[in-house]
Structure formats: structure tokens, C-alpha cells
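Subject: Structure for you, with notes

Hi there,

Here is the structure I promised to pass on. Have a look at it first, and then read on for what turned up.

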Amino acid sequence: MKLNLNIQPLNTWLNVNNEPLIISGPCSAETEEQLLTTAHLLAATGKVSVLRAGIWKPRTRPGEFEGIGSIGLEWLKRAKAETGLPTAVEVANAKHVEEALAAGVDILWIGARSTVNPFTVQEIADALKGHDVPVLIKNPVNPDLQLWIGAIERINGAGITKIGAIHRGFSSFEKSSFRNEPMWELAIQLKTLCPELPIINDPSHICGNRELIPYISQKALDLDMQGLMIESHVDPSVAWTDAKQQVTPAALAELVDRLTVREPEAPNEAFADKLADLRKSIDKIDDILLQKLGERMAIVEKIGEFKRDNQVTILQVNRWDAIIKKGHAFAKALKLDLNFTEKFLELVHGESIRKQTEIMNAGKAEQGIAAEQHTEVKA
């Protein structure tokens, strides 16, 4: 089901001089000199459309640098006047909204730690009522699509129609190369539910280190995201926050030059015809896959009944190990990604467990009813 949102197209409220849209600036505004120097260098690249800077920084523990505060808004105002770049700031409460708007900030964004709390988002939404300002909403820290959607709906419900989402990755217990797992499927689901919603990728927070930013940036553009928010500092080595994930303005310009921007559709009629034929082939294979999954689950139900009747547990670890080993070997032979194959098998196995559990519980319920009826007869 599509989301019922009133959203203006990105190009109607933001003058994007270049493709892709690049929002850049330091993680934190540290000093006036640091911010102004970075802003001028970014503007000189000709690649940046919006200047961002952290004014208030939510930190995990007290005692860490929590942003320069309101004085930084004056620095941003000067940077805007000198470079001509519109500015963007993160807001986490009503007071932040009021101060940022009073300082002439052009775009507000809601951070991941705020999106996770509906009370916080509603407070921000209430403070935005009556204003016509673009608002970007980062995904929540945890992988919860409904929280992300809820935050967007609250801001839209406040009368804000210039809305975009920021995909900055999600926290995960699994160790990986990323600071926050991309979990692209969640961003894709959001885009599917609301095709008109602009989605901007934040490779800095996904990666946590500058080396991986080009890879994530290109993947985001290949998934038809409308832009990138990349943190940039005049000298990242001395940055007060998130030094490893910031790049210099010169490195940013080089990174953007190396990106390939592709169109979502091609005007070529022959291309469209060929693509349609290939998609028909995929549709046929998908139908076969679903049919085979249906046949597999029918057998699973028989196995569940057989186990129930013979008092055998649902899970046999040795059987699952054998499935994984066989799956890995088959995947290698078919040149399938091992991680994808394992996740697919886990999904199928999980559904098999659910079905067998349902059968086991149904059997117990029937036995319970029979016992009650027997007791009633005896009585």
C-alpha cells in the first residue's frame, strides 16, 4: 500500500546546480575560521549545493563535545552570505527549530537518535507548524521502517511538504566493515511505498571511514537515490568529532568527479523492448520459484504431522547443518553469493519451523479439547 503523503518534488524547492545533489560540510562547526574556510573551499569546487554543519551534537556519554551551540548559527549565516550556499542544520527539539529558523537556516534535518523517538519528532513537528521550510528525516538508529515512516508522516502532518529522507544506515550487533549497516532493502521499501519521496544517502555515517565512501556513494546513486550528504573538513586529522569519516573539500571534489550518474529510464525504444522481454523472463522464473516454495511447504506440513505423531522435536541441528553445507557448495557452483544464499535458506528454514510449530500446537490444542470433552462425559 502506497503512503498518502503530500510531498513537493525536490527540484521545486532546492536549486540543484549539479547532479547528484551534494550536501557537504563539517560534522561539527568547531570555530568560525574552521567553518568559513571549509565553506569557501567547498563552494570553490562547484560540486556542492548545500552547506551542512553540526551545531548541536547528541553524544552517547556526557562530557564529550556536544556542539558549539547557538553561536555556530551566526557563523553559518556568515558562510551563507560569503559563499551563496544554502545551509542545513540538525535539530533535536523545538528550541533548536526556533533558533535555526530565526538564524535563517534553509534546511533542517532530524537525526537518527531523534527519529527513533515519536515524542521528540512530534515536538519538532509542532514547532514547524506554520513554517515553510524543507525538512530531511534520517532513518532511526535501529532498523525499523515503521518508525522512519511515522517520523515522515508526523512532519508532513505539520504542513511541511518539502520533505526528503536521509538513509544513513542502521546499527547492528553483527561486526562488519561499516559503522552502520546500509540495509539497502529498507530504503528500497520506503521508496516503493512513496516513490515521490526524495532519498539522500549519507555514506559518511554508513562507512565510518573515508576509504569506503566512494563505494557506498556509487551504490546509492545506482539505486536511484537523489543525492549524497558527505562530511567534509578543512583538516579532518584535527576534527573534534568523527575525524575518520570526513574528507577534505579537494578529496570530495575528486570523489564526485569519479561517480557515474545513471538515468532511471532510457528513452531508447529498443532498450525498453529488450528490458521488457528480460523482465518477462524474470516474472516466469519468479512464478516457478513461488510454486516450488508452495510445494516445499506442503511437504513441510507432512513432516510436521509425522514428527508430531512420533513425538519428535521440530529442530534437528544436524539436518540444518547439512542444508547449509549443501547450499554453500551449490551456490559456489552456480556463482551465487554465499551470504545471499545463506539468508535465503534461513528464511525458508524459519518458515518451515513456523509451520511445523503451528502443526504441533494445533495437535496439542485438539488433544486438550478432547480431554475436556472426556472429562465432561465422565462428570
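A residue is called buried here when its relative accessible area is under 20%. Ser114 has a relative accessible area of 8%, so Ser114 is buried. Please keep in mind that this is a predicted model.

**Overall picture**

The protein has 14 helices and eight strands. Its C-alpha trace spans about 90 × 60 × 40 Å along the principal axes. There are 379 residues, and 44% of them count as buried. Among the contacts with a separation of 6 or more, 73% are between residues 24 or more positions apart.

**Back to Ser114**

Ser114 sits in helix H5, which covers residues 112-115. Leaving out residues up to four places away in sequence, Ser114 touches Val91, Ala92, Thr120 and Val121. Val121 turns up again below, as one of the H6 residues in the contact with H7.

**Two helix pairs**

What angle do the axes of H6 and H7 make where they cross? The answer is roughly 20 degrees, and the axes of these helices come within 9 Å. Angles under 35 degrees count as roughly parallel, and H6 and H7 are therefore roughly parallel to each other. Their crossing is right-handed. On the H6 side, which runs over residues 118-128, the contact is made by Pro118, Val121, Gln122, Ile124, Ala125 and Leu128. H7 contributes Leu147, Ala151, Arg154 and Ile155. By class, the residues of this contact divide into eight nonpolar, one polar and one charged.

The other pair is H2 (residues 32-45) with H11, packed at an angle of about 25 degrees with axes 9 Å apart. That angle makes H2 roughly parallel to H11. The crossing of H2 and H11 is right-handed. In this contact, Thr38, Leu41, Leu42 and Thr45 of H2 meet Pro249, Leu252 and Ala253 of H11. The contact of H2 with H11 has five nonpolar and two polar residues, with no charged ones.

**Two aromatic pairs**

The structure holds two aromatic pairs. In one of them, Phe65 and Trp240 are arranged edge-to-face, with 5.1 Å from centre to centre and 85 degrees between the planes. Phe65 belongs to the loop between strand S2 (50-52) and helix H3 (71-83), while Trp240 belongs to the loop between strand S8 (227-231) and helix H11 (249-258), so this pair ties together parts that are 175 residues apart in sequence.

Trp148 and Phe170 are both buried.

**Gln246**

The loop between S8 and H11, mentioned above for Trp240, also holds Gln246. With a relative accessibility of 0%, Gln246 counts as buried. Residues up to four places away in sequence aside, Gln246 touches Pro26, Cys27, Arg210, Glu231, Ser232, His233, Pro236, Ala239 and Thr241.

**Two backbone points**

Most residues other than glycine have a negative phi. Which phi does Met183 have? Met183 shows a positive phi of about 45 degrees although it is not a glycine, and it is found in the loop between S6 and H8.

Asp224 is found in the loop between helix H10 (213-222) and S8. At 34% relative accessibility, Asp224 counts as partly exposed.

That is the tour. Happy to talk any of it through when you have had a look.

Best wishes

Note on methods. Residues numbered from 1 in each chain as written. Predicted model: local features only at pLDDT ≥ 70, side-chain atom pairs only at ≥ 80, totals over all residues. Heavy atoms only, no water. Phe/Tyr/Trp six-rings, centres within 6.5 Å; stacked < 30°, edge-to-face > 60°. Helix = DSSP H or I, 4+ residues; strand = E, 2+ residues; numbered from the N terminus. Buried < 20%, exposed > 50% of the residue type's maximum accessible area, 1.4 Å probe, protein only. Axes fitted to C-alpha atoms, helices over the stretch in contact; angles between N-to-C directions. Parallel < 35°, antiparallel > 145°, perpendicular 65-115°, else oblique. Left-handed = near helix turned anticlockwise from the far one by under 90°. Contact = heavy atoms within 4.5 Å. Nonpolar A, V, L, I, M, F, W, Y, C, P; charged D, E, K, R; others polar.
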